[in-house]
Amino acid sequence: MSAQQPTVVIVDDHQLFRAGVRAELDGLVEVLGDAATVEDAVRCVVELEPDVVLLDVQMPGGGGVQVIRDVAKRRPAQRFLALSVSDAAEDVIAIIRAGARGYVTKTISGPELADAVRRVAGGDAVFSPRLAGFVLDAFAGGASGPAPVVIDAELDQLTAREREVLQHIARGYLYKEIGARLHISAKTVEAHVSAVLRKLQLSNRHELSRWAVERRLVD
Amino acid sequence: MPGMSALGQPAARPPLRRDREGAVLGGVCAGFGRRLGIDPIVLRVVFIAASVAGGLGVIAYALAWALMPAEGASRGPALHVPGRPDSWSVATGIGMLMLAVLLLFREWGLWVGDALVWPVVLAAAGGALIWRQSANAADPAPARAERRRSGGSALGRAALGVALVVGAALIFLYFNDALRPARDVLLPVVVVLVAGTLILAPWWIRLVRGLADERAERVRSQERAELAAHLHDSVLQTLALMQRQADNPREVAGLARRQERELRAWLNGGRPFGERSTLAAALELAAAEAEEAHGVAVDVVVVGDCPLDDAAEALVAAAREAIVNAAKFAGPHPVSVFAEIGGDTIEVFVRDRGPGFDPETVPPDRRGVRESIVGRMRRHGGDASIHTAAGTGTEVELTLGRER
């Protein structure tokens with residue numbers, strides 16, 4: 001495993017798109033392989049052990065969420081970065097709650113995607129402006145609907161700092177720019193985003209649960 | 001997609017399915033209750049009573065369980081509308097009261113025998129149903145809404161009431177041997193009827209189910225036709241345009257981007273793109289227009305939403321001005337628009353990654369920023385500030401207090 005270039009497997013049911021991503025990432029990250037179906041993806045990932053799996057959200061046979069679930073049984077530490085054309089809230093929240101460490105849209109440029117892969121490989125979370133917007137929406141202070149059943153109050157709220165960081169991401173700032181504006185280090189910004197990711201995955205907030213239930217994602 | 005399934009199910013009564021979610025045992029009573037629009041508890045009582053009295057309930061339940069297709073885990077609309085106790089509750093209540101009184105008599109040794117007690121209980125329940133029906137008719141105003149809601153089941157209730165009373169009378173006569181002369185005639189008829197039902201029932205059930213499936217299929221194909229029409233009007237049209245413009249990358253990118261917006265708006269809930277119904281929609285429209293006019297990608301993220309009042313209109317106009325400015329000077333980089341509509345304030349940020357500028361050097365005759373952004377916001381009780389420096393891009397921040 002090369003220390004400079006993270007290794008990836010591309011999972012997407014569109015052949016054209018897989019080839020395009022491969023070409024764009026050429027020389028930036030090492031593409032170990034690709035897969036077009038859920039079963040192929042699971043086999044491929046378990047076999048090749050990439051640093052990061054680039055994962056399409058909508059695929060036949062359960063989609064990216066199913067891939068994450070199946071791989072997690074055999075490689076619980078595998079890191080996923082969701083890459084999708086869909087920007088519907090339920091798709092985004094669903095794949096993040098399933099365990100993806102980031103979400104970027106397919107219009108992202110090659111170097112930006114490579115950067116996102118590197119960050120996910122390093123254990124960080126990658127939030128697109130739109131994902132940050134969804135999270136702010138989902139954690140908005142009880143603006144709509146009945147109050148959620150609070151199991152763990154800490155998990156159901158964003159701290160003021162986390163909100164600030166997310167607002168900056170939604171405004172299109174990069175981590176290091178956010179750090180400079182808030183007078184904290186880029187590493188601290190990463191820590192805040194990772195904390196938000198954890199809350200997103202573990203929280204019982206009803207907005208999150210509702211999206212999950214609508215998509216039949218809750219067992 | 002929730003919208004799709006709602007389309008496929010017209011507002012008529014739900015199909016007869018075992019309701020697994022509302023189930024106590026197998027969901028038969030819950031299913032029937034939902035279909036008939038009555039509380040399943042009534043049916044449960046009936047089944048239990050029928051089981052105690054000779055085990056008929058168990059057989060009927062098992063048959064229904066076997067014949068009714070199960071439904072998925074999704075819970076339908078509210079099963080029971082609370083409010084005035086309806087005819088069913090009253091009928092059951094009266095039946096129960098009757099039973100209680102009779103059992104009390106039995107305790108006291110005044111038992112008059114099964115031959116009388118059960119028919120009287122049944123007749124009391126049936127009579128209550130019928131009386132209740134006519135009471136509703138005599139007092140139409142408050143009952144009208146209820147009856148409209150229950151639809152055709154009013155007739156069904158009256159019919160069941162009649163059936164209960166007639167059944168009670170028949171049982172009473174039977175126990176008292178008054179039917180013996182008629183039995184010789186009736187028995188063959190009943191046997192033939194039962195046999196016929198047994199033979200024809202599966203075929204009939206298949207027919208009914210087939211009809212329902214066919215209707216669902218028709219709805220689906222209509223949806224497909226609608227989808228095809230939409231794709232034809234929009235996506236195929238755009239693809240054709242793009243092929244003709246293939247040597248003009250800017251034009252192609254613009255076309256693709258516009259089509260993407262329209263398709264997303266359509267997918268995300270059917271709101272036609274370009275309808276300025278709310279602040280979020282108006283902001284997105286403003287961004288799309290600037291994008292088309294200047295060929296620069298504008299990414300919009302909106303948190304929350306609110307209706308468009310005068311102040312919000314001014315906010316949108318100021319934001320549009322800021323977006324157009326950003327699109328003009330941002331170069332190839334996308335413009336980010338972020339709006340957060342909170343309970344007390346609305347904030348909009350328009351950010352570009354252009355060269356930035358020194359605000360001091362902007363000549364006073366450049367009215368764009370001063371008048372259409374800052375001035376406009378202040379007139380509506382809001383504010384605008386512009387953060388920029390050479391090399392870091394520009395961010396316009398608009399804030400507006402919300403009147404509650």
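Guide: Helices here are DSSP runs (H or I, at least four residues), numbered from the N terminus. This is a predicted model, where local features need pLDDT of at least 70 and side-chain atom pairs count only at pLDDT 80 or more, while totals for chains, interfaces and linings use all residues. Residues are numbered from 1 along each chain as its sequence is written, chains are lettered from A and ligands numbered from 1 in written order, and side-chain values use heavy atoms, without hydrogens and water.

Visitor: Why are helix 11 of chain B and helix 12 of chain B called roughly parallel?

Guide: Helix 11 (residues 279-294) of chain B and helix 12 (residues 310-329) of chain B have axes that cross at roughly 25° and come within 9 Å. Angles under 35 degrees count as roughly parallel, so these two helices of chain B qualify.

Visitor: Which residues make the contact between helix 11 and helix 12 of chain B?

Guide: Contact means heavy atoms within 4.5 Å. Among the residues are B:Leu283 and B:Ala286 of helix 11, and B:Leu315 and B:Ile323 of helix 12. The contact residues of these two helices of chain B comprise 13 nonpolar, one polar and three charged.

Visitor: What makes the pair B:Glu340 and A:Arg163 a salt bridge?

Guide: The term needs a side-chain nitrogen of Lys or Arg within 4 Å of a carboxyl oxygen of Asp or Glu. B:Glu340 and A:Arg163 meet at 2.8 Å, N to O. Chain A and chain B share five salt bridges.

Visitor: How many residues are in contact between chain A and chain B?

Guide: In chain A, 19 residues are in contact with 14 residues of chain B.

Terms used: Axes fitted to C-alpha atoms, helices over the stretch in contact; angles between N-to-C directions. Parallel < 35°, antiparallel > 145°, perpendicular 65-115°, else oblique. Nonpolar A, V, L, I, M, F, W, Y, C, P; charged D, E, K, R; others polar.
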